Each structure stands twice: as structure tokens, then as C-alpha cells.
Amino acid sequence: MRPSLMGLVIAADADAIEFRQNGKQFFLDRVGPTDTPLLAGGKVAAYGASDAGVALAGSPPEDLRESVRRAQIAAAMASAGQRFDARIRLAQAAARLANGALVSQVLQVALEDQPEGSTRKDVRRLRQISAVLNGRADPSLLSEEEGVTPEDQFWRGMVRAQLPITGEGLDVDVQRTRTAKLIAAGLPSVSGYSQPLRHRLLPVAAEWVARYGTAKDRGVLLSLPSVPETVLARALTAAETDALDARGELETLAHDPSPMVWPVASEAALRFDLEKDASPAKAIGERVDGLMPAFRMAGREREARLLSIDAFIKGKEWRAAQQGVQDGQAVYGKAGFPGHDRLLVIARGFAEQKDIEAKSALAEVELLKAAMTMEPNDPTLQAYFLKALERRYAVLGLPDAQRTVLRGLLQNQQGPEHQDTMVKLVRLDLDANDLSAALHDLPAENPADVSVLPGGQPEALEVSMLRAEVAREQHDLPRAARYLIGRTETQALKMRAQLMEQAKDWVGAVSALKPVIDAAWTGRKEASALSPDLEALVLELAGDASRAHDDTTLATLKGHYGSLMERSASAGVFKLLVGESSAKFPAGG
């Protein structure tokens with residue numbers, strides 16, 4: 001080496017000395033036939049290496065196993081003063097062999113004998129390694145005191161990856177991205193680890209970066225050697241970035257013999273197809289469900305279950321989606337699975353579903369009952385599930401169960417929605433001839449508390465008609481008629497006419513029906529034939545007018561509708577009613 005104005009000049013004057021590079025680190029190495037190079041001997045730390053004092057570079061697996069055997073003997077024969085260090089050396093040897101169980105056991109024994117040793121950097125690093133290899137979450141190992149070098153960040157990120165993700169939506173994405181950033185920072189250092197440890201860490205770490213890292217983080221994957229451990233991560237990255245050959249790479253890996261590779265690739269391929277609408281959503285969901293044991297073995301069961309639910313949601317297969325939710329909650333609990341947003345979409349889909357078949361309704365009832373217990377304190381979710389349950393009881397013809405559900409809905413409803421539910425409930429009460437329930441379910445008669453509708457009516461039309469119907473069922477026709485006084489809506493007038501006919505008040509019936517017929521005739525003056533409904537009204541009014549001996553109304557009906565009625569099947573009856581026949585109804589009915 002010779003000094004110069006720009007720094008040092010390296011001249012290879014000796015064939016046995018070579019200037020070499022390891023990552024971004026440069027050094028002089030011996031390359032003679034009788035020398036052991038520093039890099040090959042693992043004596044040069046990788047770029048970004050930590051100062052924790054744990055050597056993770058290794059020899060061939062056979063040498064590593066022998067190293068563990070010798071370390072075990074040394075730890076067993078060490079004196080009391082040297083036993084802790086000997087055990088830590090054994091834990092390091094086990095870590096290089098990726099034997100997580102042995103690392104954990106040795107550390108537990110060592111720290112039980114010497115608890116104060118837990119503050120040592122090498123011990124804390126070994127505890128991180130143990131947590132990662134054994135898949136155990138330990139938040140105490142996330143302290144910044146663990147170091148800030150790229151390798152330190154890598155291990156902190158791997159520990160974070162073991163922790164359960166809390167929250168939903170954007171918060172989850174932020175947590176995952178932060179973890180991926182830590183892992184990516186020190187991912188190149190894994191290349192210098194022993195083969196067993198590298199084989200355990202590299203696929204998991206690279207996959208995490210590929211799934212959740214930023215574009216910059218994923219760029220680290222390109223700097224890694226193209227080895228079997230990184231092929232899957234590269235394919236996942238291609239899928240995330242919509243590369244042209246992404247689907248083909250995943251399809252190839254889906255036929256890989258490794259049970260840790262092909263399920264992950266299959267899941268990614270199915271997710272890709274779902275996002276690109278390459279296959280029917282229902283078929284994708286069923287395919288995912290069929291591969292669930294393989295996903296479980298590969299550690300992707302939770303993600304696969306969510307993919308299945310998303311596929312069924314997209315295909316509007318609400319029963320299958322809800323069944324997936326309940327199956328997943330049986331494994332992972334109700335907290336956080338599958339997330340409130342998914343539950344809300346499924347519940348709304350159930351509530352708004354049309355064309356419900358009786359066979360499917362029967363199966364969905366029990367499913368919806370169980371769904372009611374998922375988030376009992378969420379009124380929106382409960383309302384959707386109750387609406388869905390009520391519709392299925394209606395399809396199954398179970399009015400009593402339907403009424404029970406409607407009463408539950410009323411408790412948290414307001415405004416027009418509350419009124420619609422109440423109207424439906426009271427109609428069911430009347431259909432069941434349960435007048436006491438109908439009176440109970442109707443709102444109290446207190447017009448001062450009700451917004452006055454246009455036209456000065458104190459109550460909604462549906463409510464007034466229900467009150468009239470209840471009174472009619474109680475055989476109190478005068479009170480029933482009073483509820484409809486002043487109402488000009490067609491439905492109210494028709495019902496008032498029915499009440500008058502039932503009371504044999506033919507004059508009152510004629511008075512109620514005239515405006516109904518006039519309104520119906522207004523839009524059909526140029527028609528060549530009467531509609532069935534209008535024809536029935538004409539006959540009804542003619543019958544009432546005939547019984548009331550209202551010749552004026554009969555003449556009007558004959559003039560307006562005579563020619564049209566002649567072409568109908570009821571022509572003979574109409575002529576009889578309007579006086580073109582010798583017979584006539586008596587005034588008493």
C-alpha cells in the first residue's frame with residue numbers, strides 16, 4: 001500500500017495477497033494455496049454487522065453439528081465461574097445450526113442460574129434468535145438499545161413479525177410496512193450466516209419484504225443472490241408490481257414439491273386471479289377452502305381464510321362468506337377476525353339479498369343467529385343481521401319468529417325506518433288475529449307528538465289505516481271510520497268505502513268511492529278498454545249507488561263507462577246495476 005494525494009493505492013505485488021470486497025466493506029485477504037482466506041473462514045463480518053458479539057457465520061452442517069456436540073460437553077464440564085459463558089457458546093452453536101428449541105432451553109437454564117446475564121448484548125441477541133426460530137412473540141426484545149446497525153434492525157424487525165397485528169385498515173398497513181423496512185435494512189447480512197440458519201430465515205424475511213415492503217425495500221431483494229430461498233419472494237414481488245410474467249412465475253412455483261413453497265405460491269396466484277377477475281370469485285373461494293390444510297402447514301392459514309372470505313364477498317355468496325367468518329373465529333377468536341369492515345359488508349349483503357330460496361333460508365337462519373353474538377354492541381351490524389333474519393323467516397312462513405325479530409329491530413330504529421318496521425309488524429299481528437299485540441305495537445295516539453303531514457293530517461297514512469283496521473276487527477266500525485275522516489288518499493278512501501259497505505251505509509260508500517274512480521279514470525280517458533282494477537271499481541260503485549237509489553251517480557256511470565263496459569265480461573251485471581234491466585237492489589242491501 002502506498003500513500004497518495006487521493007488516499008491509498010493498492011498494488012498487488014504479491015500473488016498471495018488480494019484486495020477483496022464483502023458487501024460494501026473492502027479488505028486485504030490471503031489467497032495462497034496454503035492459506036485460509038479471511039472471508040472463507042468467516043473472520044470478516046458482513047456489511048452492517050452488529051457488535052452484539054454473536055457469531056452466526058458457519059461451516060458445513062456436519063461441522064456445525066460437531067461444534068454443538070463439543071459445546072455441550074464443554075458446558076457440562078465447565079466450572080461454576082465459567083459455566084454461564086460456556087452455555088452461551090453452546091446457545092450460539094445451536095443458533096448457527098438453527099436449532100431454536102436447543103437455543104431456548106440453554107438460555108432458560110443459563111438465566112435461571114445467572115439472571116443478571118440477561119443484560120448482556122450477546123444474550124439479548126440470542127433471545128431474539130430464539131424468539132424468531134420458535135415463533136414466539138416477545139415485545140421486550142424490541143428496545144432500541146438492541147442496536148441501530150442494519151443487522152440489529154433486521155433482528156428487531158424479525159421479532160416484530162412474530163407479534164400479532166392490532167387494529168384495522170391503514171393502521172395494520174403502517175405496522176407491516178415498518179416491520180418490512182427494519183427487515184430489509186439488514187437482509188443482506190443474512191447471506192453471511194450459516195447455511196441452516198440462512199435457510200430458515202431468508203425465505204421468511206424475503207417474503208415479508210416482498211408482501212409489505214415499499215418499492216425501495218423490495219429493491220433489496222434484487223441485491224440478494226438468486227437462490228431457492230429467494231425465488232418465491234421475487235415471484236411475490238413481481239405479483240405486487242403487476243409484472244407481465246408474474247402469474248406464470250407463481251404458476252410454476254405452485255407445482256414446486258416443497259410444502260412450504262407451493263401453498264404460498266398457490267395462495268398468491270389465487271389472490272392475483274381474484275384481483276384481476278381472471279376467474280369466478282366463487283370458484284376461487286372454493287379452491288382456497290379446498291387447500292386450507294396446505295395453507296395451515298405453510299403458516300398461511302389466517303391469510304388464506306381472509307382470502308376465501310373476500311372471494312365469497314366479491315361473488316355475493318353471503319352464506320359461504322359468513323360460514324368462513326365463523327370457521328375462522330373458531331380458530332383465531334372473535335377479536336380482530338375477520339375485521340369489522342368485512343363483517344359489515346357481509347351483514348349488509350345478507351340484509352339486501354333478493355330472491356331467497358326456502359332451502360337456503362333454512363340453513364342461513366342458524367348462521368345469522370350465531371352472527372348476532374359476534375358484536376352485540378354494534379347497532380348497525382345488529383340491525384343488518386336482524387333484517388336478514390326477518391326476511392328469511394318470511395320466506396319460511398314463520399310469522400311468530402318474524403314478529404319477534406321485528407320487535408328487536410324497532411328498539412334501535414328511528415324515523416321512517418322505524419315506521420316501516422312498525423307497519424310490517426302490526427300487519428303481521430292482524431294476520432295472526434292478535435289484536436292485543438297489534439294495539440301494543442301501534443304508537444300511542446298522541447297527535448301532538450307527531451309531525452303534521454302536508455294537508456293537516458296528524459299521522460302517516462299507514463298508521464291511520466292500521467288503527468282503522470284494528471277497530472274494524474274489534475267490530476267498532478264508527479271508530480274505524482273516524483280514523484279515516486279527512487283523508488283523501490286513494491287507499492284511505494277505498495278502506496272507508498269498505499267500512500261504509502260493512503255498515504250498510506251506501507250513501508257514505510258512494511261518497512268515498514267517487515273520488516277514487518275519478519282519479520283512476522283521469523289517466524285512461526282515451527283508453528279503448530277498462531283495466532281490471534277500474535272495471536272492478538265501476539261495478540262496486542254501481543252496486544253501492546243502486547242500493548242507495550242514487551240515480552244521478554248511476555246515470556253518470558252509464559254515460560262515462562257504458563260503452564266500455566259493454567265490451568267486458570261484466571256487461572250484463574253492469575246493465576242490471578245501472579237500471580237497464582227490470583231488476584233493482586233494495587235499499588237495505
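## Overall architecture

The secondary structure of the protein chain amounts to 28 helices and 4 strands, and the model from which this is read is a predicted one. Of the chain's 589 residues, 43% count as buried. Where contacts join residues at least 6 apart in sequence, 56% of them link residues at least 24 apart.

The accessible surface of the protein chain comes to about 30600 Å², and carbon and sulfur atoms account for 53% of that area.

## Helix 8 against helix 9

Helix 8, which covers residues 215–223, and helix 9 have axes that come within 10 Å and cross at roughly 140 degrees. The crossing of the two helices is left-handed.

On the side of helix 8 the contact is made by Arg-218, Leu-221 and Leu-222, while helix 9 contributes Ala-233, Arg-234, Thr-237 and Glu-240. Sorted by class, the residues of this contact are 3 nonpolar, 1 polar and 3 charged.

## Helix 9 against helix 10

Helix 9 (residues 228–240) also packs with helix 10 (residues 246–253), at an angle of about 145 degrees and with the axes 8 Å apart. Here, too, the crossing is left-handed.

The residues that helix 9 brings to this contact are Val-231, Leu-232, Arg-234, Ala-235, Leu-236, Ala-238 and Ala-239, and those of helix 10 are Ala-246, Glu-249, Leu-250 and Leu-253. The contact of helix 9 with helix 10 divides into 9 nonpolar and 2 charged residues, with no polar ones. Arg-234 of helix 9 takes part in the contact with helix 10 and is also listed in the contact with helix 8.

## Helix 27 against helix 28

From helix 27, the contact involves Leu-554, Leu-557, Lys-558, Gly-562, Met-565 and Glu-566; from helix 28, it involves Ala-571, Phe-574, Lys-575, Leu-577 and Val-578. By class, the residues of the contact between helix 27 and helix 28 comprise 7 nonpolar, 1 polar and 3 charged.

Definitions and conventions
Residues are numbered from 1 along each chain as its sequence is written. This is a predicted model: local features need pLDDT of at least 70, side-chain atom pairs count only at pLDDT 80 or more; totals for chains, interfaces and linings use all residues. Side-chain values use heavy atoms; hydrogens and water are left out. Contact means heavy atoms within 4.5 Å. Ala, Val, Leu, Ile, Met, Phe, Trp, Tyr, Cys and Pro count as nonpolar, Asp, Glu, Lys and Arg as charged, and the others, Gly among them, as polar. Axes are lines fitted to C-alpha atoms, for helices over the stretch in contact, and angles run from 0 to 180 degrees between N-to-C directions. A crossing is left-handed if the near helix is turned anticlockwise from the far one by less than a right angle, and right-handed if clockwise. Buried means under 20% relative accessible area, exposed over 50%, partly exposed in between (1.4 Å probe, protein chains only). Accessible areas come from the Shrake-Rupley method with a 1.4 Å probe; for residues, only the protein chains shown count as cover.
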